[in-house]
Amino acid sequence: MQQLAAEFEIDFNSEKYKDAYSRINAIVIEGEQEAHENYITLAQLLPKSQEELIRLSKMESRHKKGFEACGRNLQVTPDMEFAKKFFLGLHENFQNAAAEGKVVTCLLIQSLIIECFAIAAYNIYIPVADDFARKITEGVVKDEYSHLNFGEVWLKEHFTESKAELEAANRQNLPIVWKMLNEVADDAQVLAMEKEALVEDFMIQYGEALSNIGFTTRDIMRLSAYGLTGA
């Protein structure tokens with residue numbers, strides 16, 4: 001992995017790298033904070049799963065601290081104002097769904113979209129990360145699969161009654177992910193993360209999650225196409 005990073009001739013201490021990293025680092029910190037808060041909200045909506053969801057929320061909080069340490073290691077101050085705006089669309093949609101008691105929409109946003117987005121980003125970042133951040137990120141990505149699994153299991157168990165709401169939530173939120181990927185593309189490129197690779201990994205993770213829940217291959221192709229409206 002070190003050799004791969006070296007091939008890109010990454011200078012982790014250059015001003016250009018640190019400038020881009022200030023936004024990317026902020027995004028992952030804010031993403032983990034959003035997830036922490038979302039799982040606490042889900043614990044209130046799903047009292048039978050409260051213990052498990054609180055456990056997941058605490059893991060997200062630990063991840064946030066890990067990524068904060070990554071920024072400090074490179075002496076970079078994360079641009080948290082940028083990150084909050086970056087997540088605003090998904091944040092507002094989650095909050096609105098929670099207020100209406102739409103558990104299925106909340107799970108799609110947090111347990112599928114945000115987790116798949118995170119896993120894709122971490123998978124693409126790990127081979128080109130600095131040594132300190134790589135160790136942190138490798139630990140985090142293992143946890144994220146367990147978070148994704150919670151949403152998959154619950155939605156699979158409630159698939160029949162959830163299908164219509166899942167499709168509506170997908171139609172509303174997947175275009176937002178495309179806008180997010182486009183917005184971060186230039187900074188990701190500076191970190192040697194190709195946008196095409198991020199998109200591909202996200203669609204693989206998201207497609208597999210939809211398949212595990214109960215959607216057919218034809219369904220998944222149709223649902224995935226809604227993302228292209230934000231391309």
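**Surface, fold and selected residues**

The model on the screen is a predicted one. Let me begin with the surface: the protein exposes about 10900 Å², and carbon and sulfur atoms supply 51% of that area.

Turning to the fold, what secondary structure elements does the protein contain? There are ten helices and zero strands. Read from the N terminus, the order of the elements is therefore α-α-α-α-α-α-α-α-α-α. The radius of gyration is 17 Å, close to the 17 Å that the globule rule gives for 231 residues, so the protein is as compact as a globular protein of that length. Along the principal axes, the C-alpha atoms fill a box of roughly 50 × 35 × 30 Å.

As for the interior, buried residues make up 55% of the 231 residues. Among contacts with a separation of 6 or more, 83% are between residues 24 or more positions apart.

I now come to the annotated positions. The UniProt record, an unreviewed entry, places the feature "binding site" at Glu 60, Glu 115 and His 147. From this set, Glu 60 and Glu 115 belong to the lining of the largest cavity.

Let us look at Glu 60 in particular. This residue lies in helix α3, which spans residues 50-73. Is Glu 60 buried or exposed? Its relative accessible area is 1%, and since buried means under 20%, Glu 60 counts as buried.

The phi of Gln 75 is near 55 degrees, a positive value in a residue other than glycine. Gln 75 is placed in the loop between α3 and α4, the latter covering residues 80-86. With 67% relative accessibility, Gln 75 counts as exposed, because the cut-off for that class is over 50%.

Ala 192 also has a positive phi, of about 70 degrees, although it is not a glycine. Ala 192 sits in the loop between α8, residues 159-190, and α9, residues 195-213. Where Gln 75 is exposed, Ala 192 is buried, with a relative accessible area of 11%.

Thank you for your attention.

Methods
Residues are numbered from 1 along each chain as its sequence is written. This is a predicted model: local features need pLDDT of at least 70, side-chain atom pairs count only at pLDDT 80 or more; totals for chains, interfaces and linings use all residues. Side-chain values use heavy atoms; hydrogens and water are left out. UniProt positions are given in the numbering used here, feature names are shortened, and annotations may be inferred rather than shown by experiment. On a 1 Å grid over the protein atoms alone, a cavity is a set of points where a 1.4 Å probe fits but cannot get out, and a pocket is an open set with protein on both sides within 12 Å along at least five of seven lines; lining residues have an atom within 4 Å of a point. Helices (H or I, at least four residues) and strands (E, at least two) are DSSP runs, numbered from the N terminus. Buried means under 20% relative accessible area, exposed over 50%, partly exposed in between (1.4 Å probe, protein chains only). The radius of gyration is taken over C-alpha atoms; the globule rule is 2.2 Å times the number of residues to the power 0.38. Contact means heavy atoms within 4.5 Å. Accessible areas come from the Shrake-Rupley method with a 1.4 Å probe; for residues, only the protein chains shown count as cover.
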